[in-house]
Amino acid sequence: MNTVTRRAFLAGAAAVAGAEGLGATARVPTAGCVAVFLADLHVRAGGSYQKERLARVIDSILAMRPLPTNAVVFGDIAYQCGLPAEYAESRPLLQRLVDAGIELSFGLGNHDRRSAFFEAWPECRAKTLLPGHLVTRTDLGPVDLLMLDGLQGRDDRPDRDMGPVSGALSVTHQEWLIAELRRLKKPTLVASHYTVGNRFCLGEMDLFSRPLVETLMKFPLVVGYVHGHSHLWQPDWYHDGWGANAREFRTASLPSTGHWGDIGYAVFTAQPGHAELRLVQDDYYFPSPRPAAERPRTWQAIVDEHRGRSVSWDW
């Protein structure tokens with residue numbers, strides 16, 4: 001009896017039916033993939049508007065047909081300080097994705113704490129590619145997603161310590177990453193919570209004292225970079241020269257699921273040679289939501305301007 005993997009079944013079904021949130025004409029060919037990217041949950045212990053917004057995102061994802069094969073969380077799961085109670089608050093919501101058969105993977109952000117995260121998600125400890133860090137490779141059909149761990153904050157920092165804002169790869173992580181990039185056999189999106197040198201956002205990471213993006217661009221199988229941290233939908237691009245053979249390298253910054261800034265998530269689709277990340281934006285607010293009568297008109301204008309936006313990669 002032939003067996004059909006869940007990924008193959010969903011990809012075939014998606015070739016016939018468009019995934020919700022992608023537009024009426026969107027299709028995912030056989031051998032493709034549908035995934036969702038979430039970032040900057042910042043769920044507070046005791047309940048909060050951030051938790052309510054995350055619940056809304058989870059409902060939206062579970063209403064997609066077909067369901068995505070994967071969900072990836074790009075860090076700052078915790079509200080501010082990476083306390084166990086903060087992870088306990090969001091685990092039941094995220095568990096709904098797992099219970100629906102969606103493969104869930106994580107990165108860690110500056111407000112997270114590794115020990116508390118692994119206490120809440122012990123199954124993730126066994127999946128890391130680098131002991132002492134949370135480094136994962138997620139199979140997204142034609143392309144892999146390699147999630148790096150730039151969290152600098154120590155596990156034994158005081159409970160009220162939110163940790164350094166910027167990301168940094170340990171020396172061990174940097175050495176591992178160079179070796180891993182040399183071993184790549186498949187197109188790969190590199191990812192982390194942190195930026196790779198965005199000119200408008202703190203949090204960029206270096207690799208042996210040079211911007212990480214400069215190294216990533218030297219490896220043809222690295223097709224792009226995705227991150228959280230800024231709470232803004234902000235595609236960007238870099239290039240390594242001006243001549244005919246110069247390479248352009250595209251990056252994408254994700255919205256927050258509910259903390260502040262652009263509010264929502266992104267739907268990732270891939271087929272051989274091409275991938276697209278499309279914004280699903282629910283709201284915009286800063287620094288927190290306001291009643292409808294008090295909302296600045298510019299907030300809705302931002303949402304309207306962002307409707308339907310996407311970024312794509314080709315290889």
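**View 1. Strand β1 has buried residues pointing both ways.** C33, A35 and F37 point one way from β1, V34, V36 and L38 point the other way, and all are buried. Buried here means under 20% relative accessible area, exposed over 50% and partly exposed in between, with a 1.4 Å probe and protein chains only. In a regular strand the side chains alternate between the two faces of the sheet. Six of the six residues of β1 (residues 33-38) are buried, so the strand is largely enclosed by the rest of the structure. The model is predicted: local features need pLDDT of at least 70, side-chain atom pairs count only at pLDDT 80 or more, and totals for chains, interfaces and linings use all residues. Residues are numbered from 1 along each chain as its sequence is written, and side-chain values use heavy atoms, with hydrogens and water left out.

**View 2. β1 pairs with β12 and with β2.** Strands (E, at least two residues) and helices (H or I, at least four) are DSSP runs, numbered from the N terminus. Two strands pair if DSSP finds at least two bridges between them. β1 runs antiparallel to β12 (residues 261-271), with five bridges. V34 has T269 as its bridge partner in β12. β1 runs parallel to β2 (residues 70-74), with four bridges. There, V36 is partnered by A71.

**View 3. Six strands form an open, mixed sheet.** The order is β4-β5-β6-β9-β11-β10. β4 (136-140) and β10 (236-239) stand at the edges; each has a single partner strand, so one side of each is left without a neighbour in the sheet. From one strand to the next, the twist averages 25°. Axes are lines fitted to C-alpha atoms, for helices over the stretch in contact, and angles run from 0 to 180 degrees between N-to-C directions. Within the sheet, β9 (residues 222-227) and β11 (residues 248-253) run parallel and share three bridges. T251 of β11 is the bridge partner of Y225.

**View 4. F106 and F117 sit in the largest nonpolar core.** Such a core is a set of buried Ala, Val, Leu, Ile, Met, Phe, Trp, Tyr and Cys residues joined through side-chain atoms within 4.5 Å.

View 5. The structure holds zero disulfides, a disulfide being a pair of cysteine sulfur atoms within 2.5 Å.

**View 6. Helix α6 packs against strands and a helix.** α6 (residues 171-183) has 13 residues, which should span 18 Å at 1.5 Å a residue; its end C-alpha atoms are 19 Å apart, which agrees. The expected span is 1.5 Å times one less than the number of residues. H173, Q174, W176, L177, I178, E180 and L181 are buried in α6. The buried residues of α6 pack against β4, β5 (143-147), β7 (206-207), α7 (212-216) and β9.

**View 7. The whole chain has eight helices and 14 strands.** Of its 315 residues, 55% are buried. Contact means heavy atoms within 4.5 Å. Among contacts between residues at least 6 apart in sequence, 72% join residues at least 24 apart.
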